[in-house]
Amino acid sequence: MKTPSISRRSLLTAAAAGGAATLIGQGPSLIGGALASAESESSQIVSWAGPHQAGITTPGQRHLQICAFDVTATNRAQLIDLLTKWQRAIEVLTVGQQLPGSTAPTVAPSDTGEAAGQTASHLTITIGFGATLFDGRFGLASQRPAALIDLPAFKGDQLNTAISGGDLSVQACADSRFVAEHAVRMLARVGKGLAELRWLQSGFDEPPARADQGSGRNLFGTKDGTSNLDRSDDARMRRNVWVSSEDGPAWMANGTYQVYRRVNMTIETWDDSPLEEQEDVIGRRKASGAPFGGTREFDPVDVSKLPIHSHVRLSNPRTGTASEDERILRRGYSFHDGINPTTGEYDAGLAFIAYQRDPRRQFVTIQTRLAENDTLNEYLFHTASGIFAIPPGAPSGQFVGAGLFATPGSPPPADAPLAGGDDAPPAGPPAGGGGTPPPAGGGGTPPPAGGGTPPPAGGAGGAGRAVRPPARAAGRPKHPHRHRRPKPKRD
Ligand code: HEM
């Protein structure tokens, strides 16, 4: 149980209300304590501002809420309104404040209140745009990045489309579960009438008790994250994570691509497997995390010592430049959703999240190899999927993705009339990375040399929703998704 302390909020509120005198009357130790507490609370604020969105290279927090929304806004101006409302909310929530608004007894409170009294808890909120956002409803079709592919269907996929895909993704991470949950709930609330939650996955992570114990563990009990990219290495982040201005389109410069996979782990089967087999499957020792041939977790990997179909060998074959260019920034969390009532087994696994500069060269290449040959497949199956373009950070006074709306939209398809104002650009200059007009045809880089499976025509499986009905013809119900969405089936 946490020791109650005077929060930064109450200190500021008391000071504003002339209550500082009362606090002063309580003597220096309390004042000092309160100020120290206010200081330590402010150190729990992760700034949303900067060239990149927060929550990507931010050190991992303990709790994850990742979700996707279907946009029900019917025109471009409304979509901009939604993103602007979200930005204002992000600016308030990430400093540990409640959303301002009504507290009148006769109306529902603006802030739902479950995170009241918590600190900012290192909350980060990261917004992404799914491929379906570029389907023509908002005049954005020509702006779809070439790298925002529909993921191909991978061998062994058992995807549930109801919990896959989506127009917008929101990743909220915090060191308080209440704070992370509250963030998503408030974005859903301020977006009411403009977007609806499509799916939501929570997750958890925990560093070891002592820093000298290395990486944390996943639900198989193995160390996870050992050879992840070093997020403090700027050159590495530029090479593998951040979209450059040459990659295109211009509005994505300094952004990245998020791939989400809900990977169920058959924990009961794993738990009954001999230790030797568990280690062969990964290619590392279970207790220490050392690679085969080494003795400590961070000893260099010698691929010649790894079983040929081990997870580490297949996910990074270490063949030189090509392997290095493929590497991704993993930011996954364990999840545990209880017992599957059909099988009686744990519904648990890994909410796999990876960031990368080009998913064609990176995630798709790695996952194709894993899906074909990884012995770990015996113990897991992928149940949901999503891929999202993560725009750069919002410049002050603007919103995430403002650069996308800086050029007038392409005309809507003839069968999907858009309401008035659809092509109106937002007020103000484009977001960081904007400015240069995007290359004709939506920009994007030609598929990178040496890399990747080409995106499939159409978009099977991976992005979740393969077919989307033409958007918003007159007379269509206001919330088409509510009527269309199949009831999620249990895994
Ligand atoms: C439940 C699913 C998964 C589990 C339990 C798992 C577990 C692990 C473990 C224990 C390691 C070794 C330690 C480390 O370097 O972090 C590892 C490494 C890695 N995994 Fe996974 N993983 C899973 C899914 C995936 C997926 C879907 C990908 C897809 C791209 C992937 C890509 C990687 C990569 C790139 C590495 C680093 C290899 C290296 O550079 O040595 N993993 N994983």
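## The ligand shell

By class, 13 nonpolar, eleven polar and four charged residues make up the shell around the ligand. The model is a predicted one.

In total, 28 residues surround the ligand. The closest are Thr226, Ser227, Ser315, Asn316 and Leu350. Which element gives the largest share? The helix α11 does, with four residues.

## The loop between α6 and β5

Two residues stand out in the loop between α6 (234–240) and β5: proline 249 and asparagine 254.

Look at proline 249 first. The peptide bond that joins glycine 248 to proline 249 is cis. Its omega is near -10 degrees.

Now move along to asparagine 254. Its phi is near 75 degrees. That is a positive value in a residue other than glycine. Is asparagine 254 buried or exposed? Asparagine 254 has 22 other C-beta atoms within 10 Å, so it is buried; the cut-off for buried is 20 or more.

## Serine 121

Another positive phi belongs to serine 121, also a residue other than glycine. Here phi is near 55 degrees. Where does serine 121 sit? Its place is in the loop between α4 (76–93) and β2 (124–130).

Serine 121 counts as buried because 25 other C-beta atoms lie within 10 Å.

Note on methods: Residues numbered from 1 in each chain as written. Predicted model: local features only at pLDDT ≥ 70, side-chain atom pairs only at ≥ 80, totals over all residues. Near = placed C-beta within 6 Å. Nonpolar A, V, L, I, M, F, W, Y, C, P; charged D, E, K, R; others polar. Buried ≥ 20, exposed ≤ 12 C-beta atoms within 10 Å, placed from the backbone.
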